[in-house]
Amino acid sequence: MLTAEQSERLVELRRDFHRHPELSHQEHRTAAIVADRLRELGLHRVRTAVGQTGVVGVLQGTRPGRTVMLRADIDALPLTEADRGQPYRSVQQGTHHACGHDGHTAVLLTVAELLTARKADLAGTVLFVFQPAEERVGGAEGMLQDRALDPRPDACFGLHLWNELEVGQVDVRPGPIYASADAFVITLTGSGGHAAMPHQAADPVLASAELVIALQTLVSRDSPPIEPAVLTIGSIHGGTASNIIPNQVELQGTLRVFDPVVRQRLLDRLRAVVDGVAATFRVTPEITMTDCCPACINDTAMAQLVEGVARRVVGPRNVGSSMRTMGADDMSLFLNAVPGCYFFVGSANRERGLNSPHHSPTFDFDERALDVGVQMLTSVALEFLERG
Ligand SMILES: [Zn+2]
Ligand SMILES: [Zn+2]
């Protein structure tokens, strides 16, 4: 589907984004390149600053029809990329496209180019959504508030390059594929005192130790055993010296669940367990929910459509349906608004050592995955519109 020249430009584009990564809601250079390219294509409409640094382009086909939305995330992560001698290494110390969003952006721009070339026989409208700040799961919300979904799509699709799959493979399944994420901060406040006279104080250190254990019962006792759930306390801070009982301890954690009903139940239990432990140890609890994001749940019919396309693009033997992750992605907000499907495009190459985990300093992928991504999204959009 792509000419050699188009493939080359696609790789160049990805490498340019890779060299110049930008953190969540600071994607000014990336957004400017995206907007310029979409304008050059002569799209019907290009909007910038949608949800701060997001860009939306609208391609209207010559024939009437439905509207399909394609989404790419554009932000990078706050970590330094390892030097493996790659010529396109990040020039921004401390910022690295360690999740493949550089690839997603380059893929969607190329898809826009290919679909624009077919404008004359395109039935319907394509909405290209370039979303900022996925890594902080805050970008989609801002875009929705800024009416990114205009015109209102009938379906939405997106892909994630995935290093747990070899290049040439695609994985798609109906139902949940990314978990909901609820990040929280718990502070336990007691009354400080002397380490040798604990009876004169209320000890938030002991209370927090009990709480870390007690919170694990959300997963082991409150969640149905066949439903995946995970709760991690990733940070715990309090105290200054061995002979002082501090008056406050702060814990930070995250809860990940696929099922929205289980999610609500566990959030209720989280509050109850915190209150109960705090009461036991005579400390005052406070819970602040920080970043929250629902699960990505694929529509069955849309997942079937993507699977059919994948079978043609990479061959039936290379299409899987087993990938799910307890990670979160705010593509979920679009999927909640419009039926759609988010799927994985394999990007690892074990032989070439391109299989580091996402978010790691050595993360990189086999760029042949970009071609697969372009073919997938282009064909998915065309198939959805052609079905009318
Ligand atoms: Zn990521
Ligand atoms: Zn990502």
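Between domain 1 and domain 2 of this predicted model, the count of residue pairs in polar contact is 1, with both residues at pLDDT 80 or more. On the side of domain 1 that touches domain 2, the residues divide into 7 nonpolar, 3 polar and 4 charged. Salt bridges between domain 1 and domain 2 number 0. The area buried between the two domains is about 970 Å², and carbon and sulfur atoms give 73% of that area.

Where do these domains run along the chain? The domain assignment gives domain 1 as 4-177 + 295-387, and domain 2 as 180-293. To their contact, domain 1 brings 14 residues and domain 2 brings 11 residues. The C-alpha centres of domain 1 and domain 2 are 37 Å apart.

Now to the sheet. In what order do its strands stand? This open sheet has 8 strands, and reading across it gives β1-β2-β4-β3-β5-β16-β6-β15, with mixed pairing. At the edges are β1 (45-50) and β15 (319-320); each has a single partner strand, so one side of each is left without a neighbour in the sheet. For β1, the pairing with strand β2 (residues 54-60) is antiparallel and runs over 4 bridges. Within this part of the sheet, Arg 47 stands opposite Val 56 in β2. As background, strands of a sheet pair through backbone hydrogen bonds, either parallel or antiparallel.

Two spots in the backbone deserve a look. Most residues other than glycine have a negative phi, and most peptide bonds are trans.

| Backbone feature | Value | Loop |
|---|---|---|
| Cis peptide bond, Asp 150 to Pro 151 | omega near 5° | Pro 151: between α4 (139-145) and β5 (155-166) |
| Positive phi, His 25 | about 65° | His 25: between α1 (4-19) and α2 (28-40) |

The charged side chains come next. Side chains of opposite charge can pair when their charged atoms come close. How many salt bridges does the structure hold? The structure holds 22 of them. One is formed by Arg 9 with Glu 5, where the closest N and O atoms are 3.9 Å apart. Why are Arg 9 and Glu 5 separated by about one helical turn? Arg 9 and Glu 5 are 4 residues apart in helix α1, so about one helical turn separates them.

Helix α1 also contains Asp 16. Which residues does Asp 16 touch, leaving aside its neighbours within four places in sequence? Asp 16 is in contact with Arg 29 and Ile 33. As for Arg 39, this residue is 23 residues from Asp 16 along the chain, and the C-alpha atoms of Asp 16 and Arg 39 are separated by 19 Å.

Notes
Residues numbered from 1 in each chain as written. Chains lettered and ligands numbered in written order. Predicted model: local features only at pLDDT ≥ 70, side-chain atom pairs only at ≥ 80, totals over all residues. Heavy atoms only, no water. Domains from an automatic or database assignment. Contact = heavy atoms within 4.5 Å. Buried area = accessible area lost by both parts, 1.4 Å probe. Salt bridge = Lys/Arg side-chain N within 4 Å of Asp/Glu carboxyl O. Polar contact = N/O pair within 3.5 Å; in protein donor to acceptor, adjacent residues only side chain to side chain. Nonpolar A, V, L, I, M, F, W, Y, C, P; charged D, E, K, R; others polar. Pairing = 2+ DSSP bridges. Helix = DSSP H or I, 4+ residues; strand = E, 2+ residues; numbered from the N terminus.
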